[in-house]
Amino acid sequence: MELINRPRRLRQNAALRKMVRETRMDKSSLIYPMFVAEGNNLKEEIPSMPGQYRYSVDRMEEKLTELCEAGVTSVMLFGIPAQKDEMGSGAYASDGIVQKAFRKAKEVCPKLYLIGDVCMCEYTSHGHCGVLQKGTVDNDRTLKLLAETALSQVQAGADMVAPSDMMDGRVLAIRRKLDEYGYINTPIMSYAVKFASSFYGPFRDAAGSAPSFGDRKSYQMDYHNRREAWKEAMLDVEEGADLIMVKPAMAYGDLIREIRDSIHLPVASYSVSGEYAMVKAASQAGFVDETSILCEMAASAYRAGTDLYISYFAKELAECMDQGIIG
Ligand code: PBG
């Protein structure tokens, strides 16, 4: 055979394959999203997300400790209030559910890096991500409440805030508010490129946050669009975002790459609830192997250019990295 180039030469054994691996992953880049609900002694499985739970504040410690032991260093908290109202007042209450959770998490696991998801949909009776005016979400009135929400989370112990509401101008509104109160060094991770996606279905079950009428298409992005992803990201960079997120992750690898190449800030991607639910359902049916699938999905996001990866499988991924299956 006249072949000179033989790509198989570099695939002959595991040590060599690892030496020439193009994508490297590290546990320090994993973020675990966690649901915290009002109540006592609660660890309630989310039906559409087997293996994921809603914890009451007094039961959080067990999960946080588990994560720390696995080497996951960052957690993103979502609050599920007992009562919801028109104005989503639980989102920015100083004794709101997520604020209590931040205080507890700081107390029991001071080393964990805590991120607050800033949005109103878990707290509004209508399930939209802002306040309503004539049946539609009023962008500018919502900004004030988002800024209050971010501030209250930081005051309760959040190390970083991540607005996911998709209102125009929220990053600037939050930056100004945090600065006004002296939190000049608290970073903002903007869910800048967030699509109106059916992949969020199981999350909305978990948080009871599905909109009671209409959908989120007037604020979240249309999934046919790519140039607009750049526009959203650029605007948030100008407003002072410190990190940019693309969401969902799977099915949006092209946009992770687009943002990685065009925006010179750390890029995060969020492997959302529907991705988790699909892997779980298919593996429980015996159709795919769960561990291999979750590793392959994570590697694809990192290969596409993500720096940080938010995943319900964060603990499992950390374990796979320890075992050298990926990393
Ligand atoms: C709040 C928010 C949502 C998710 C993260 N923050 C739901 C939504 O936009 O409807 C989805 C996360 C997931 O599906 O895992 N706005």
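Student: Which residues of α9 meet α10, and which ones do they meet?
Tutor: On the α9 side you've got Glu275, Val279, Lys280 and Ser283, and they meet Glu290, Ile293 and Met297 of α10. Contact here means heavy atoms within 4.5 Å. By class, that contact has three nonpolar, one polar and three charged residues. Ala, Val, Leu, Ile, Met, Phe, Trp, Tyr, Cys and Pro count as nonpolar, Asp, Glu, Lys and Arg as charged, and the others, Gly included, as polar.

Student: Where do the numbers and values come from?
Tutor: This is a predicted model, where local features need pLDDT of at least 70 and side-chain atom pairs count only at pLDDT 80 or more, while totals for chains, interfaces and linings use all residues. Residues are numbered from 1 along each chain as its sequence is written, and side-chain values use heavy atoms, with hydrogens and water left out.

Student: Back to α9 and α10. At what angle do their axes cross?
Tutor: Helix α9 (residues 273–284) and helix α10 (residues 290–304) cross at roughly 155°, and their axes come within 9 Å. Helices are DSSP runs of H or I with at least four residues, strands are E runs of at least two, and both are numbered from the N terminus. The axes are lines fitted to C-alpha atoms over the stretch in contact, with angles from 0 to 180 degrees between N-to-C directions.

Student: Why are α9 and α10 called roughly antiparallel?
Tutor: Because their crossing is roughly 155°, α9 and α10 count as roughly antiparallel. The cut-offs are under 35 degrees for roughly parallel, over 145 for roughly antiparallel, 65 to 115 for roughly perpendicular, and oblique for the rest.

Student: What about α7 and α8, what's their angle?
Tutor: Helix α7 (residues 227–238) packs on helix α8 (residues 253–262) at about 45°, with the axes 10 Å apart. That pair is therefore oblique. Ala229, Trp230 and Ala233 of α7 make the contact with Leu255, Ile259 and Ser262 of α8. Five of the residues in that contact are nonpolar, one is polar and none are charged.

Student: And how far apart are the axes of α4 and α5?
Tutor: They're 8 Å apart, and helix α4 (residues 139–156) packs at about 45° to helix α5 (residues 170–180). So α4 is oblique to α5. From α4 come Leu143, Leu146, Ala147, Glu148, Ala150, Leu151 and Val154, which meet Arg170, Ala173, Ile174, Lys177 and Leu178 of α5. That contact splits into nine nonpolar, no polar and three charged residues.

Student: New topic. How many cavities of 30 Å³ or more are there?
Tutor: There's one. A cavity is a set of points on a 1 Å grid over the protein atoms alone where a 1.4 Å probe fits but cannot get out, and lining residues have an atom within 4 Å of a point. The largest cavity holds about 150 Å³, the volume being the space filled by probe spheres set on points joined across faces, edges and corners.

Notes
1 Å grid on protein atoms, 1.4 Å probe; cavity = no way out; pocket = protein on both sides within 12 Å on 5 of 7 lines; lining within 4 Å.
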